[in-house]
Amino acid sequence: MAQLLYEARGIARRYGHVHALRGADFTVYPGEIVALIVDNGAGKSSLVRILSGAGHSS
Ligand SMILES: Nc1ncnc2c1ncn2[C@@H]1O[C@H](COP(=O)(O)OP(=O)(O)O)[C@@H](O)[C@H]1O
Ligand SMILES: [Mg+2]
C-alpha cells in the first residue's frame with residue numbers, strides 16, 4: 001500500500017443555506033495526478049480553496 005501524501009475527510013462548506021460541499025473526502029498518493037471533472041457549480045473551486053488553505057473568499 002502506497003504511503004498517503006494528502007488526505008482530508010468530511011469536508012464541508014456552506015454559503016448561507018447553500019451546501020456547496022457536504023462530507024467530501026479527498027485523498028492523494030505520491031505521484032498521482034488528480035482531475036476534478038464535475039458540473040459547473042458542483043464545488044470544485046470551494047474544494048480547492050479549502051485544500052490549499054486559501055480561505056473563504058470567492
Ligand atoms: N461566495 C459564494 N456565495 C454564495 N454561494 C457560493 C459562493 N461561492 C460558491 N457558491 C455556490 O457554491 C456552489 C459551489 O460553487 P463552486 O465551488 O464555485 O463550484 P465550481 O467551482 O465547481 O463551479 C455553487 O452552488 C455556487 O453557486
Ligand atoms: Mg470553479
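The exercises below work through one predicted model, from its overall make-up to single residues.

Residues are numbered from 1 along each chain as its sequence is written, and chains are lettered from A and ligands numbered from 1 in the order in which they are written. Because the model is predicted, local features need pLDDT of at least 70 and side-chain atom pairs count only at pLDDT 80 or more, while totals for chains, interfaces and linings use all residues; side-chain values use heavy atoms, with hydrogens and water left out.

**Exercise 1. State which elements the protein chain has and in what order they run.**

Step 1. Helices (H or I, at least four residues) and strands (E, at least two) are taken as DSSP runs and numbered from the N terminus. Counted this way, the protein chain holds one helix and two strands.

Step 2. Read from the N terminus, the order is β-β-α.

Step 3. The C-alpha trace spans about 40 × 20 × 20 Å along its principal axes.

**Exercise 2. Find the aromatic pair and classify its geometry.**

Step 1. A pair of aromatic rings is described by the distance of the centres and the angle of the planes. Rings of Phe, Tyr and Trp (its six-membered ring) pair if their centres lie within 6.5 Å; planes under 30 degrees apart are stacked, over 60 edge-to-face, and the rest tilted.

Step 2. Searching the whole structure gives one aromatic pair. Its members are Tyr 6 and Phe 26, at 6.2 Å centre to centre with 85° between the planes, so the pair is edge-to-face.

Step 3. Tyr 6 belongs to strand 1 (residues 6–15) and Phe 26 to strand 2 (residues 18–28), 20 residues apart, and the pair thus links distant parts of the chain.

Step 4. Tyr 6 is partly exposed because its relative accessible area is 33%. Phe 26, at 15%, is buried.

**Exercise 3. Work out which residues of helix 1 are buried and what they pack against.**

Step 1. In helix 1 (residues 44–52), the buried residues are Ser 46, Leu 47, Arg 49 and Leu 51. They pack against strand 1 and strand 2.

Step 2. Ser 46 counts as buried because its relative accessibility is 8%. Beyond its neighbours within four places in sequence, Ser 46 is in contact with Arg 13, Tyr 15, Ala 20 and Leu 21.

Step 3. Gly 53 follows helix 1 and has a positive phi, near 75°.

**Exercise 4. Compare the surroundings of Ala 12 and Glu 32.**

Step 1. Ala 12 lies in strand 1 and counts as exposed because its relative accessibility is 55%. Not counting residues up to four places away in sequence, Ala 12 touches Leu 21 and Ile 50.

Step 2. Glu 32 sits in the loop between strand 2 and helix 1. Its relative accessible area of 43% makes Glu 32 partly exposed.

Key
Buried means under 20% relative accessible area, exposed over 50%, partly exposed in between (1.4 Å probe, protein chains only). Contact means heavy atoms within 4.5 Å.
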